[in-house]
Structure formats: C-alpha cells, structure tokens
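Some questions and answers follow.

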Amino acid sequence: MLHRPRAGGLQESPTGRGGELAALVARAASAHAGHAQAVLLSGPSGIGKTRLLRAFLDDQAARGTRTLYAACGREPAAHRAPTAYDGLPEIPEGVTTAPYGAVRALFGPLGLTGGPSPLLRGGAHHALPALTPRATTTAPPAHQVLHGLYRLTGNLMTDRPLTLVLDDAHHADEHSLRWLDFLLRRAEHHLPLLVVLAHRPEAEPAAGDVLAAVGAPHRTTVLPLGPLTETESAELARRILGTPVGPAFAGHLTAASGGNPRTLTHALRTLRAEGTAPDEHGARRAAELCAAMTATTTHRRLDHQPGWVRDVATALAVLGEDEPQRVAALAGVTTALVEDALTALRRAGLAAPGRAGLIDAATRAAVLAPLTDPELTALRTRAVLLLSDAGRPAEEIAEHVLRLPGPVPPWMASALRDAAARAAARGGHKTAARYLHAVLRAEPDDLSARTELARALAEINPEEALPLLEEALALPTDPRTKAAVAAQYGLTCVALRRFTAAVRVLDEALAAFTAGAGPRTGPADRELAALLESVLLLAGIVRRETIAAVRDRAARMTLPHGDTPAQRQKAAMMSILTALDGRSAERTVVQARRALRSPGVEPGGWAAFAAAFPLALADEVDDALTALDQVLTQGQEYGEARVYTLALTARSLVLHGIGAIPDALADARTAMGLTAEDPQCAGLTMPHIVLATALVDHAEPRRAEEALARIEPRDLDGHVLEQPAYLMARARARRGLGDREGAVALLAACGDALAATGVANAVFHPWWVHAVRQLSALGRTGEARELAERWTGPARAWGTPRALGLAAHALALTTPGPEGVVLHTEAVEWLAGSPARAEHARAEYYLGRALLAAGDQPAAREHLRTAVGLARQCGALALAEAARGGLVTAGGRMRKATGSRTDLLTRTERKVAALARAGASNREIAEALFVTVRTVEMHLTGVYRKLGVGDRAALASALPPDGPPDPPAGMPTVAYGRPVRAAR
C-alpha cells in the first residue's frame, strides 16, 4: 500500500530518495505561493521515479493540493517484469499516443465530457475537443483548444493549488506537450501551479523537440535519479528483510543490481520469501536473482528487435563501449546500421544515452548468456584481433584476452606482457599480476614470465612471490639470469624481513656472476652488478649477524657515479654504512648526494629513501626532507602503501630531530593508521617507535609506553636500526614517568645494542647524552663524566654542529662551576647553528640552570625565557614546562600557557580542525586531504587534546571564526628546512 503522510510533516521517503522528495516538496511550496514551477525527474527504467512520484502525491494530497496524475504509454502490467511497485493501488493510465492523449489521461478522472460542469466556465469549454477521444468533423483551431485548456487549468486553481504529474513523459504526444509549454509560459509568475514530468533519458521521445522546450533549464528544475549507494541498498534490505545487513552483503547486492531499486526489491522480496539469510550464501543468491531479472528484461526487449539489432547488441556486449566502425566489423553490419541499432537499443532501455555501449555490466552478461561457449570464444577472439589491428592500448587488448578460456596463443601472451609492463610502470601491480598469471598459464616454462610475475606480486603479496623466485633460482640458468632473479629475491625477502636468507642468496649470486666466464664490463653487466651489490647492502645492513660482512664488502666497493638507478641505490646504501661508522660526515654527504643525482625517484624509492637517513644525520635536513617528499609523492601516486608508510615514518624522525614535534606526531599518527588499515604495512614496527619518541617530548609518556607495548621486544633482537630506537624510546618514556633508574638501564642496553653492531655514530640514537643527564641527576657524576668523555671523540669526529653541541652539553653537565657555564654556553652556540631546535632549547634550559646555580639570576632568566619560547614553538611541552618552572625560580614571570592553543596544532591538524568546524564528516575530510578515515580520527583526537575540548561540537568556541590561524609571525619556523634562530 502507499505510504500515508504523517500529520503535519513530510511522509517517509522511498529509500535513498529523501533529498529528491524534499526538493519536490520545496518546489511545490514555491508554486503554492504563486510562482509556477516545473520539475523534470530523470532516470532509467526501474530507478524509482514512479515510487517517488507516488510518495510526493500522497504528501501533496495531505496538504490539500489538487493533484492530477497520468502515466504515458505504459505496457500492461501482465507484460512487465515484477517491479517494486506492484501491489500498490493503480493510478489511471491513458493511451497517450493520439493527439492530446496525455491531456485526456490527466483530466479523465474529472469526468468533464459527461455534461455541463462549472470547471468549463469562462471559455474552458473550448478544451472539450482535447478532452474527448471521438473524432470531430471539423477540428477547432489549435490556439482555441490551448486557450480552453489554459482556462480549465485556471478554474482548477480557484480554490487550491494544482499539481500536474506526467509519468513516462517521453511517451507523451506532441499536442499535450505543446499545451504544457503554452501553460508554463503564461503561468510562470502568477498561478499556484506545479508541473512534474518524469522521463527516461535513454528512451527516444515521441516529441523530442517539444519535450526539450518544456524542460528548458531556464524554467525547469532537473532532478536526476541515480543508482542507490551501498548504504541506501543496506537500508532497503533492512526494510524488506526486517533485519540489518552487513556492508559486504550490501556491497554485493549493489554491484549485482547496479543500484536499481526495482531489481533490488525483487531480489530482496524473493530472499525473504525463501527464508534466505543476508550472509555470503544470500549474497550469491541475490546476485543470481538480479542477473535473472536483468536477463528476463533484456531478452524480452531484444525479442522485439530485428536480427541485425541483436547482432549489434552482442558486439557491444563483447567489445564494451567502442567506436561504431569496430562494432560494425564484429557484428557484420554497416556503420549506419550500428547507429540505427543504437537508437533502437536506447529506446528499449538497453543502451546508454550519448555513448556507444550497453547500459551496464548486468545487461552485457544477459545479452551474451544465450551464446554457446564456442560461439562466445570465436567472438572474443575476433574482438582481440580487431583491437590489435586498430592499435588499441595494450591494457585494453589484455582485458579482452583475459576473457578467453584456456591458454592463449603466443602473440596474445606478448600483448599481455606489454600490458603488464605498462600497468607496473604506473603502479598497477595488481593488474600486472593478473596479466602475468595468464602469461604463465600459456607459457609455464618461461623463466622471464615467472620473474616478472614475482616482481609484480612482491609489491602486493610478497609471500606469494617468494616461491616463484625460489623455483626460478633452482632452474639451471646462466649467471646473468640467476643474478637478476637473485636481486628480485633479495628485495622480496627484505619486504618479508627474511634478511639472512636474502644475504646468503645474493652473496652466492654475486660471487657466481663476477666469477663467470668472459669479462663483465658492458653497461648492462655493470648495472646488474651494481643492482646485486645494492640489494646485498640493503638486506645485510639490517641485522647484527650480517652487517659486519656487508660493511667489509662495502669498504672494498668503488663509489658509483650515480648515473643509473642501480648505481644510485648502491651509493645510498654505501652512505648509510659510512654514516653508521661515524667518522666522516663530509664523505657521507658526498655518497648520499650521488644517490640523488636523478631529478626524479625510481620505482620503489629505495635510493632517495635510503639517502635521506645519512643526510639527516649529517644535518643536511633540507635535502633529506626533499628526498622523502619525493618518495611520498610517488608512493601516493602509485598506491605503494608500504613505501609511503616507511617514508612517513622516516620523515617523522627527521622532523623530530629538528624540533618540529607536532609535525612529527602528525606523520607518525598517519603511519600508524596505515599499519592498522593496510595489510602491506601490518608488520611494520618503526611507526610505533617514532610515535612514542614524539609523544615523550609532547609530555605524553604514558601514551608513548602504550604505543611501544604493541611491539614484542624479542622480534627486534639483533636489529641494527629498530632495536636501539625502541630501547631509547622506552628509556625516554620511563624518564618521563619519573623512573630515572629504569631509564638508565634501558639507555645502557641501547648502547650495548649499538656496540654489538659496530655503530659508532655519536648522533645516531644519542643514548649517551640522555644517559649523562640521568646519571648526573642521580648523583652518579663519575659514571656520567666517563660516558661524556668517551663519546666526545666520536662526536668531534662526526663534526656537525649538532654533534659538537651535544658533546659540549654532555661535558658541561658533569663540570661544575664557571668552567661548566663556559661549556654550557659553547653547547648553546653550537646547537643554535644546527637544525636541532629542541636540543637548542634544552641547552638554553641547562645554561639557565647553571647560571642560576652560579647566582647570576638576570642571565639565567634570559636563557630560561628563551628555552620556554623555543620549546613551546617546537611542541616540546615537557621541556617548556620545566623551563618555565626554572624561570619562575629565577624570579621571572610567565604564564603557564601563552598565546593561543592553536599554535600547537600541526598544518594537517589545522586543516582537519577547519573542515570539522565547517561541518565536514570524517570521511569527507579524509577524501579532501587524501588520507584514511582512521588518520582523520587520530588528528581530531590530537586537536581535541591540544585545544582542551571533548568533541567537534566544542570546536566552534575553541577555534577563531576563520579556523585555526597560522603560527604567529616572528617565531622560528620548526618544520621543513633549517630553522632560523630567534634573536634574544
């Protein structure tokens, strides 16, 4: 039955059509106020136009509006497929092909042809020739009939507004549409009239020019009805099945039905009658029902078409949307007949308007269903030949090849290889793997197909790639081929963290390659050797048990020029080893910049990614951030989630190192979100570590420990880079919670882990500086002094301002009296000239404390005030509060919080906060900023915490009217690039 309106309000709308129903009601309200309106409701068959119109008419009847409805040229219900609206009360439908047929269908219920009526007063009786179906001997002038109908319409509006609704208006006759055009031209500014027309845009109108005039944009509101979304499909399923359904079921249902409400309703009602649950089996059954209904409708419509139209439909189903010439060649007809067939198919609702293709995938499947397997295979093979002869793109041809059963001939396998290479070049590794699987089925013994497939799979599913490579390595091949396979094997093992196996295979392959017969001096051989060496260094640098061997091998390597991708990757890995050695920052920078000689970033981004690490250690922060930004851009462009996450993690560390702690937190949280949402990133541990590292400085040690608690420490045993980082992050979190002894023990473990791997760089995880601070605070001055003196030499050997500043700072902490003040001053001067803003703030703090202890309160206040300002701008909240306490002790004054709290927001948090304040949902914010919903949630949590609010409703009062401001002018910049020290 029809939905009845609720008292005083809009009735419940058809599923997914609330906005359109509200728009119709709004147009009706405007019309009732004396501003005549016209609305054109547009959408394909079964999309829900009639259901929406009936809901609207119910609403208008409840508001006291006079409503007249007619449906034009409908086929009898007995010949239609079951619809969502069967069983509803029938509204009279007229035969509307004759002149004024639609007019008679609209006004027929008024019974105006049976005798005198007050509605026919004032010249309205001239409408009678249009209202009676019988022929007259003398046809009255057309203008007289139009004026009569106009007067009749006016009489209908004397006591209340009028709504005229013409469904399936594409079937309406020319005379009726001319009258509506006449009526709207004269009623526009003074009559309470609403005219609603519904039509199918794909159908051929009976009077197209006149319908276009009635629906002219300057006088008509167009309301297109699109397919239901997954959410709307789920709601329709809940209404019909009486129980909520899951997103997976709703997704399958929407895909199978194309979001068509009629098809959806039929499938859901059948499921309900059968007692089928909305589970995986129910989704399969719903897909069968949707396909069967589409097939029934499609076959019924095609049965009325000539054979050549059916042939064109079959060609379109095989080719998809294509040029008429190719469709004609496959169908065996002329191009002119293709155009005629498309017109007929559009009229039948099977072809899409404005393009040469069938309306949807379900219709294409239905058209092809009657064909036998040999017939369909023959057609698909001819289609591939036609596309190949026409020089169509490789990926377009490949998609057609994949539809052929069984192994494909060699020339098609070649097309698949070409398509796979193109897909991989744009980052479409999943697509490339689909093509290469087909190649391998056709050529199971082809080694290159196996390795190409493994290379594609390594980007999306390394576990599946590894067996393919192991099989290839076991085959008897020449050293060159084995070397290429070994390089791919090594990269795949790195993704799977199987470093020892990678080093073993790469070492053997490199030995065999260099010892093979004949000279290895050609460009291709040199590039292959460089690739093997670079992957060997990449795999061997990670674990304690392999780093010594690769360090020795690297010492015997010649630094490449960086002219090729493999050379750049090798130079990057050599620069990491030199940096870890800690003896020459200058040499490290030379090697790292060789890795960045190319203006772009090679696929995978390993060279740029690896080079950023030593550059940051050498205080070349701008170059490091630029390299990481390039990797991030490529990772986002090609959908390389793992590369993107690792680059975000590395950038967080670099930003933390220069004192851009809010930005470091933002990157770390984004990386954490990706580890939770993307399977490729699930095993990464560094995002947890860098998040904890930033949280400690942000005065959140408890949350830092929570982040680290997700890591199993034993998994990091022997890891050169991650284990020391984890131990130092834990130590700093313990110190933040007041456990100095626990912090010292963890810092000592960090030092032991670094010593076991031979890492001697003083600024790579500078655990010794933190240990000196804690030991000094615990009164263990002798131990602190010994540690400071032991690391002063390595710090001076590295020689960067940061290293020299940290060495002076550590010695100052263990040196009392005026000599200690001199060393603290030296530390401040060195760190002020470095990019390490937070360390500079910390050195200012300790200098202020030393001056206060020496009795120089004015100088102490100056340095402590500087420390507070720098620390706050860095987002180092714990340090800022400690420095503020020291300032107060020294007799200075400073509020606990100065300026706006929005100063602490990162750039991304500012954008998220502004969008949330404007009313955007989390999903809309994620789409606008190209991040995940989980990342948006984490950023919002940070915004709430920094602004001291509980939810987005409170953002309006916490933020300025125009959203979060930029950081105040005159304060030092702490993100992206070397900061400028503020004048004292």
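**Helix packing**

Helix H28 (residues 606-617) and helix H29 (residues 621-638) pack at an angle of about 160 degrees, with their axes 8 Å apart. This is a predicted model, in which local features need pLDDT of at least 70, side-chain atom pairs count only at pLDDT 80 or more, and totals for chains, interfaces and linings use all residues. Residues are numbered from 1 along each chain as its sequence is written, and side-chain values use heavy atoms, without hydrogens and water.

Q: Are H28 and H29 roughly parallel or roughly antiparallel to each other?
A: The angle between them is about 160 degrees. Angles under 35 degrees count as roughly parallel, over 145 as roughly antiparallel, 65 to 115 as roughly perpendicular and the rest as oblique. H28 and H29 are therefore roughly antiparallel.

Q: How are H25 and H26 oriented to each other?
A: Helix H25 (residues 544-555) and helix H26 (residues 565-581) pack at about 110 degrees, their axes 11 Å apart. The pair is therefore roughly perpendicular.

Q: Which residues of H26 make the contact with H25?
A: Contact means heavy atoms within 4.5 Å. H25 contributes Ile547, Val550, Arg551 and Ala554. From H26 come Met574, Leu577 and Leu580.

Notes:
Axes fitted to C-alpha atoms, helices over the stretch in contact; angles between N-to-C directions. Helix = DSSP H or I, 4+ residues; strand = E, 2+ residues; numbered from the N terminus.
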